[in-house]
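Reader: I have the file open and would like to go through it with you. Could you take my questions one at a time?

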Amino acid sequence: MLAIENLHFRYSRRGPLVLNGVDLELKDGEIGILLGKNGSGKTTLFKTILGIQRPESGSIRFDGEDLLKMNRRERARRIAYVPQAIHFGALSVYDTVLMGRVSYFGYKAGREDEDAVEAILRDMKLEDYAARNVEELSGGERQKIAIARALAQEPRLLVFDEPTGNLDIANEQLILSEARRVAREKGIGILTSLHDLNQALELGDRFFFMKEGKICQDGGAEIVTENVIFETFDAEVRIVEIEGKKIIMNGGQKI
Amino acid sequence: MREQTDLRKNRRKNTAAICLLALAVLVLAFVCLFVGSSHMSLADCFAALMKRGTAAQVRIIWNIRIPRVLAAIIAGAGLSISGLIMQTDLNNPMASPSTLGVSNAAVFGANLSIIAFAGGFLDTGNHLSSYTVGANPYATSLMAFLFSTASILLILGLCRLRAFQPGVVVLAGIAIGSVWTAATTILQFYATDVGLSAAVIWTFGDLGRATYRTDLIMAVVVLVGLVFFVFLSWQFNALLSGDAAAKSMGVAVDRLRFISMLLASIITAVCVSFLGIIGFVGIICPHVTKRLLGQDHRVSIPASALSGSILLLLADTASRSLGNGSALPVGAITSLLGAPFFLAIIFSRKGEHG
């Protein structure tokens, strides 16, 4: 579905390359997880895929089509974004989700847009929130609304930047299980970044280790090894297997 | 379903609020027609309105008060929506028509016209009658408009060179605005006493300068802006979520910001050029509206326009009733009337909306 080749990006003309030849491939309905230190280029890669900024060179193709030549609206109907810092403005939950349809209706929402929003609110059990002011909700609830808004775009791929960044454990689980559910039920691919490696292992189908603007390793859960983690994060971990499941534990420094 | 009824109730509340504001504008417009320094009775006013009073009374109503009331409605709406759009565009609650130095540039243009050209391009004489009126009555307004438009284009052009970041626009606006203010000060330093006082009086906003022709020009510009902004309500709503989110939803953020900033600035420039500086409307009205009705631009654009008209109508009526024969500067009254109300809203419990 998504094929990125040799992508380069820098923020200013003489600045350092933040993306330094990224190659990445994600199949239909797959959950891909970017793993890397802060500043390794994950958010920059997301923003480049979403067309928020233009790369210096390289190609991004979506189902064979050149994403860099696609207009904004066309792109918005294929790829949706749940940003790291979420703010909406004082709108109702219903209108916030309806906003996700703006690439379809442009000026005035029609019946089919409203139907789509109502279906999403029902599906995500958010009906009771419809009339509430989105600014009055908690972090977890807002995160959920942001997912609902992204789904309103009827995308094939959801780009999800640090979904659990500011959440408590209950909300973390809620958001991750919701993300997995929509991916599986609706066949939507997800590209996300997570700091918690155990959560990543639980959620992901495919893992991309990112260092200094490059993907240095990618593959299934089998590539998540102590060595790869050490090379990417400069952190020692120990991996144990319990009932066939990999668990990553702090293996080096004492806390 | 309960949530459906809640939603409908919200929508009905918003529609009701807009209707109520529109009604208030109508009522106030009539009240304004009947208040003035000529001490006409209510019956006289009605008669004059029907063109049945004395010739003087008919002239007062039709040639002085009606253009003035129309100017209050149009300019109030224009200044208020300009403020609202700039606040959304720049993601800055303090943004207003003066943020881009629009007003400062207009003041400089007007001062240049009044002080250097004695109000008209063709007349360089130093006699009082030519000041502000000048050889060409539109010269001062035209100069004010030209300089404010040039200032906007300069700032927006500069910002387009680099990424159109809201913070950069605000800083560029402040910098360019201060250049105009400095230039005005130097100009005023060399002015004659008469020229200086004429220039200062020009900067006091005065709705009395309005004529049917200026009202028409302002109405066309404000109406075009209003329709355009209402049409793009959803795009502005998306902009509330930040540039990255808006772009990912398919909004052409840079283009939207450039065009709407330009249009909002032109609306301000036209109003200010004809009427002088009327401050604070662009800050007070959008904020009060957003606090009370939320930030949905489908509601806040028309509601801000109407509340701007209301504030200016009230301020103009007050300025004419308090001035003891001559109207006080309406720009000062808008702040005097609006600021306490503004503070009350900010510090009230309903302060959750941004």
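Reader: How far apart are the centres of domain 1 and domain 2 of chain A?
Author: In this predicted model, the centres of domain 1 of chain A and domain 2 of chain A, taken over C-alpha atoms, are separated by 24 Å. Domain 1 of chain A is made up of 1–78 + 156–168 + 176–218, while domain 2 of chain A covers 88–154.

Reader: And how many residues does each domain of chain A put into the contact?
Author: Domain 1 of chain A gives 10 residues and domain 2 of chain A gives 11 residues. On the domain 1 side, helix H2 (72–76) and helix H7 (169–186) of chain A each supply at least two residues, and H7(A) has the largest share, with three residues. By class, that side of domain 1 of chain A holds six nonpolar, one polar and three charged residues.

Reader: Switching to chain B, at what angle do H12 and H14 pack?
Author: Helix H12 (residues 281–293) of chain B packs against helix H14 (residues 330–347) of chain B at about 30°, with the axes 10 Å apart. Because angles under 35 degrees count as roughly parallel, H12(B) is described as roughly parallel to H14(B), and their crossing is left-handed.

Reader: Which residues meet there?
Author: From H12(B), B:Val281, B:Ile284, B:His287, B:Val288 and B:Arg291 meet B:Thr334, B:Gly338, B:Phe341, B:Phe342 and B:Ile345 of H14(B). This contact of H12(B) with H14(B) comprises six nonpolar, three polar and one charged residues.

Reader: Last one: how many residues of chain B are in contact with chain A?
Author: 27 residues of chain B are in contact with 31 residues of chain A, and the chain B side divides into 11 nonpolar, 11 polar and five charged.

Conventions: Residues are numbered from 1 along each chain as its sequence is written. Chains are lettered from A and ligands numbered from 1 in the order in which they are written. This is a predicted model: local features need pLDDT of at least 70, side-chain atom pairs count only at pLDDT 80 or more; totals for chains, interfaces and linings use all residues. Axes are lines fitted to C-alpha atoms, for helices over the stretch in contact, and angles run from 0 to 180 degrees between N-to-C directions. Helices (H or I, at least four residues) and strands (E, at least two) are DSSP runs, numbered from the N terminus. Angles under 35 degrees count as roughly parallel, over 145 as roughly antiparallel, 65 to 115 as roughly perpendicular and the rest as oblique. A crossing is left-handed if the near helix is turned anticlockwise from the far one by less than a right angle, and right-handed if clockwise. Two residues are in contact if their C-beta atoms, placed from the backbone, lie within 7 Å. Ala, Val, Leu, Ile, Met, Phe, Trp, Tyr, Cys and Pro count as nonpolar, Asp, Glu, Lys and Arg as charged, and the others, Gly among them, as polar. Domain bounds come from an automatic or database domain assignment.
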